[in-house]
Amino acid sequence: MTQPPWMHPDVRRAFNPERVVQVTPLLRRITAPNPGMMTGPGTNTWLVGGDAVAVVDPGPDEPAHIERIAEAAEGRIRWILVTHTHPDHSPGSRRLAELTGAPILGHWIRLQGISDTTFRPEVPMADGDRVCAGGFTLRALHTPGHAANHLCFLLEEERILIAGDQVMDRSTVVISPPDGDMLAYLESLQRLKTLGLEAIAPAHGRLLKEPDKLLQNIIDHRLEREAMVVEALEAGDQYIPDMVRRIYVDVPEALHRVAAGSVFAHLLKLRDEGRAVGDTREGPWALP
Ligand SMILES: [Zn+2]
């Protein structure tokens, strides 16, 4: 069996949780010690600025990681921002807030599926809200698709998008209803292409260059998958497990549950566009 990419020694070294990596003049990265199938090398916590610091995604509630963030920021944390309330992104925010006294900011929508139910933003953030310090401005963009409460943060001075789980390095983002919404996800990707980005800082993996090309590739890949779902319906498949077996021949069986969520998300989008008939994950589904 081949080694998962996040286990590769070079990746483990690059994302060593004990390292503080200066990625750009305004951005530092500390990776949480939670590598895995769904998190790649671990969750990236981004430290923005210098004299005043905004922390994006403290990650899981992992005391050693939270202490490293506080130490690296040398008492200068003024805001704690959260991209969304999945368990690998937001639970550490409380411990970091207790340690530093900084307020927690995030989108105040409760998710329906797996979510950090302890999350309490002191300052609710919506699309267009900004956090400004002497040296930087972060603008919140509401980007539903992966999760209904997902925010990306644009670092305006460097045109870098702190992207949470909107885009992942070398991996496909999970879009699984009810919190995942394929139509919203594609619309969010289209919107990000209009921002004139220089790079994307994802929550999992390396800084990504040529962002517009990357965003278009993701859109194309999703639409190719969607075309395959339509082909499966044309071939007479009515149930999602059959479609997954047909479409995801290249994907290990361990990921078929995730793939089923993605097919369901495609089917709901097709239904909303009048191109498929059905309602539930159980099926049956058909062409109109
Ligand atoms: Zn997530």
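Reader: Pro178 is found in the loop between β11 and α4. What is omega for the peptide bond from Pro177 to Pro178?
Author: This is a predicted model: local features need pLDDT of at least 70, side-chain atom pairs count only at pLDDT 80 or more, and totals for chains, interfaces and linings use all residues. Residues are numbered from 1 along each chain as its sequence is written. Helices (H or I, at least four residues) and strands (E, at least two) are DSSP runs, numbered from the N terminus. The bond from Pro177 to Pro178 is cis, with omega near 10 degrees.

Reader: How far apart are the centres of domain 1 and domain 2?
Author: Domain 1 covers 5–209 and domain 2 covers 211–288. These bounds come from an automatic or database domain assignment. Taken over C-alpha atoms, the centres are separated by 28 Å.

Reader: Which element gives the largest share of the side of domain 1 that touches domain 2?
Author: In total, 19 residues of domain 1 are in contact (C-beta atoms, placed from the backbone, within 7 Å) with 17 residues of domain 2. Two elements give two or more residues to this side of domain 1: α4 (182–192) and β12 (199–202). The largest share is six residues, and it comes from α4.

Reader: Is Val263 buried or exposed?
Author: Val263 lies in helix α7. A residue is buried with 20 or more other C-beta atoms within 10 Å of its own, exposed with 12 or fewer, and partly exposed in between; C-beta atoms are placed from the backbone. Val263 has 28 C-beta neighbours inside 10 Å, so it counts as buried.

Reader: What separates the C-alpha atoms of Val263 and Leu161?
Author: Leu161 is among the residues with the most contacts inside the core. Along the chain, Val263 and Leu161 are 102 residues apart. Their C-alpha atoms are separated by 28 Å.

Reader: Which strands stand at the edges of the five-stranded open sheet?
Author: The sheet has the order β8-β9-β10-β11-β12, with mixed pairing. Strands pair if DSSP finds at least two bridges between them. Two strands have a single partner each, so one side of each is left without a neighbour in the sheet: β8 and β12.

Reader: Where is Asp57 placed?
Author: Phi of Asp57 is near 60 degrees, a positive value in a residue other than glycine. With 26 C-beta neighbours inside 10 Å, Asp57 counts as buried. Its place is in the loop between β4 (53–56) and α2 (63–73).

Reader: Where is Arg159 placed?
Author: Arg159 is not a glycine, yet it has a positive phi of about 50 degrees. With 13 other C-beta atoms within 10 Å, Arg159 is partly exposed. Its place is in the loop between β10 (151–155) and β11.

Conventions:
Contact = placed C-beta atoms within 7 Å. Core = buried A, V, L, I, M, F, W, Y, C linked by C-beta atoms within 7 Å.
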